[in-house]
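Dear colleague,

I am passing on a structure that you have not worked with before, and my notes follow directly below it. Please read them with the model open beside you.

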Amino acid sequence: MLFPESPTTRLADLAPGEEGDCFVLLAARDKASTRDGKPFYRTTFKDKRRSVTAMIWADSAYFPACDGEWKPGDFFRVVCRYEETKYGPQIELKSLRPVVDGDRAEGFDPLAFTASTRFDPAEMFAELRELVATKIESGPLRALTVEILDEFADDLRSFPAASRNHHAFSGGFVEHVLSVTKTAVFLAEKYAALYPDMNPPLSTDLVVAGAVLHDIGKLIELRPTAAGAEYTAPGRLVGHILLGRDLVRDRGLKTDGLDAETLLRLEHVVVSHQGKPEWGSPVEPTTPEALLVHYADDIDAKFEMVAGALTPGDGGETKGPTTPGEEFTGRDNALRRAIFRGLAE
């Protein structure tokens, strides 16, 4: 199939069953084998608002190039058919070629594939640092938190919060951490006032420090690329929870005046923040501070996923395959569920 002369469409605009001529970014290329030993690739193509899978089988005309030439971060022009399957969004490739200089006249813009936060990262970082300065009364704990923030300031402002699912865009890390911290401050102050007789009392200091540092290991776990965040070797072999705990412990042991129990409780917030072993945490939250940080983190991640499915994109449409008047979004969102929009008129 030849490429049409008509203007290209965006991958994110295709409805199930629709064919389109799109510019896409190769985000991943994973090799595997069938039961009878034949190789194939599971490739991931994306634009700014949609990510899809394309299977490249051994007998495909695209297999030799995929096997020997394609690499994540490459841009392509494709004619494809979009489908939603039980395995997630997929495309069937009809035509494919690398992007060429002449494609700019057809609307290709590499910057259009890079999602970023809606807010100013520098301002968010400054607000986060101000929360630490005003909400953590303990001098040693405040000093530890500020030291880590300042050490990783550049990465903290630019990194995504994840490789996929939530806040997976440039500046997403500081956006997520600031939001979690603001929620955690609210919860800590609320419950400290409601339960003044707890023994020991709820520590707002630990809640704030834990919220700020809960995901700090992701700055070691992930490496931003043009195709999105990818995992580093430490990220794959150890993971951000243990990397974060080690970083906090290492800096904490060198912080003057920080007592052993406070550091232990802070480490527990970091290692338990995902809530359950099956969600990635080696232990469940067993202190009030860890419990509050876990729920502040969980609601922020999940609500960003819901909001992403219901927020108009840069063309005015909602993300995911949906048309005006439909009561539910499509399932092409991080939660992999149809979100109710409202009764049809």
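The side chains of Asp-21 and Arg-77 are joined by a polar contact of 2.6 Å (a pair of N or O atoms within 3.5 Å, where within protein one must be able to donate a hydrogen and the other to accept it, and where residues adjacent in sequence count only if both atoms are side-chain atoms). Asp-21 belongs to strand 1, residues 19–33 (strands are DSSP runs of E with at least two residues, helices are runs of H or I with at least four, and both are numbered from the N terminus). With a relative accessible area of 5%, Asp-21 is buried, a word that stands for under 20%, with exposed over 50% and partly exposed in between, using a 1.4 Å probe and protein chains only.

Please keep in mind that this is a predicted model, in which local features need pLDDT of at least 70 and side-chain atom pairs count only at pLDDT 80 or more, while totals for chains, interfaces and linings use all residues. Residues are numbered from 1 along each chain as its sequence is written, and side-chain values use heavy atoms, with hydrogens and water left out.

Ala-229, in the loop between strand 6 (222–223) and strand 7 (230–231), also counts as buried, at 17% relative accessibility. Leaving aside residues up to four places away in sequence, Ala-229 touches Pro-160, Ala-162, Ser-163, Leu-222, Arg-223 and Pro-224, contact meaning heavy atoms within 4.5 Å. Its C-alpha atom is separated by 8.0 Å from that of Arg-164, which is 65 residues apart along the chain.

Best regards
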